[in-house]
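Morning, everyone. Please look at the screen, and we'll walk through one chain together.

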Amino acid sequence: MIAKAGLADSTGLVDVDPQTLQHRKYSNVFSLGDVANTPTTKTFWGGFNQVSVLRNNIEKTLNGHSPNAKYDGHSTADLLIEP
């Protein structure tokens with residue numbers, strides 16, 4: 001489906017900038033999680049940690065600005081364990 005829409009790269013995933021999560025060809029398309037071609041785990045936490053970047057960058061784009069938030073590849077959750 002992604003390839004048929006013209007959004008995929010050679011891996012079959014959405015062709016996004018791995019930091020801004022913005023599509024490399026279509027500036028009005030963003031992607032996160034399992035379908036985005038980012039060098040991170042394809043897990044809930046990978047997508048969860050991309051949400052704030054995606055939200056910021058969509059808002060910036062809608063307001064005529066360049067995306068400025070960067071996803072750093074973080075794909076884990078902090079777990080606090082007390083003795």
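Start with Glu 59. Glu 59 is partly exposed, with a relative accessible area of 38%. A word on that scale: buried means under 20% relative accessible area, exposed means over 50%, and partly exposed is in between, with a 1.4 Å probe and protein chains only. Areas come from the Shrake-Rupley method with a 1.4 Å probe, and for residues only the protein chains shown count as cover.

Before I go on, the ground rules. This is a predicted model, in which local features need pLDDT of at least 70 and side-chain atom pairs count only at pLDDT 80 or more, while totals for chains, interfaces and linings use all residues. Residues are numbered from 1 along each chain as its sequence is written, and side-chain values use heavy atoms, with hydrogens and water left out.

Back to Glu 59. Which residue does the side chain of Glu 59 meet in a salt bridge? The partner is Arg 55, at 3.1 Å, N to O. By salt bridge I mean a side-chain nitrogen of Lys or Arg within 4 Å of a carboxyl oxygen of Asp or Glu. Side chains of opposite charge can pair when their charged atoms come close. Why are Glu 59 and Arg 55 separated by about one helical turn? Because they sit four residues apart in helix α1. Arg 55 counts as exposed, at 57% relative accessibility.

The structure holds two salt bridges. Arg 24 and Asp 15 also meet this way, again through their side chains, with 3.1 Å from N to O. Arg 24 is exposed, at 54% relative accessible area.

Now the helix. How many helices and strands are in the chain? One helix and zero strands. Here helices (H or I, at least four residues) and strands (E, at least two) are DSSP runs, numbered from the N terminus. Helix α1 covers residues 44–62, and Phe 44 is in it. Phe 44 is exposed, with a relative accessible area of 58%. Together with Trp 45 and Phe 48, Phe 44 makes a nonpolar surface patch of about 350 Å². Patches are made of residues with over 30% relative accessible area and no salt bridge; like charges are joined within 9 Å, and nonpolar side chains (Val, Leu, Ile, Met, Phe, Trp, Tyr) within 5 Å.

Val 51 is in helix α1 too. Val 51 is partly exposed, at 44% relative accessible area. Take Val 51 and Ser 31: 20 residues apart in sequence, 9.7 Å apart in space, C-alpha to C-alpha.

Next, the segment before α1. Leu 21 lies there. Is Leu 21 buried or exposed? Buried, at 0% relative accessibility. Leu 21 also has a positive phi of about 65°, although it is not a glycine.

Leu 13 is in the segment before α1 as well. Leu 13 is partly exposed, at 22% relative accessible area. Not counting residues up to four places away in sequence, Leu 13 touches several residues, among them Ile 2, Leu 7, Val 35 and Lys 42. Touching is a contact, so heavy atoms lie within 4.5 Å. Leu 13 and Thr 38 are 25 residues apart along the chain, and their C-alpha atoms are separated by 9.0 Å.

Thr 38 comes up again with Met 1. Those two are 37 residues apart in sequence and 18 Å apart in space, C-alpha to C-alpha. Met 1 is in the segment before α1, and counts as exposed at 86% relative accessibility.

Last, the whole chain. Of its 83 residues, 29% count as buried. The C-alpha atoms fill a box of roughly 50 × 30 × 15 Å, taken along the principal axes. The chain exposes about 5700 Å², and carbon and sulfur atoms supply 56% of it. Among contacts between residues at least 6 apart in sequence, 37% join residues at least 24 apart.
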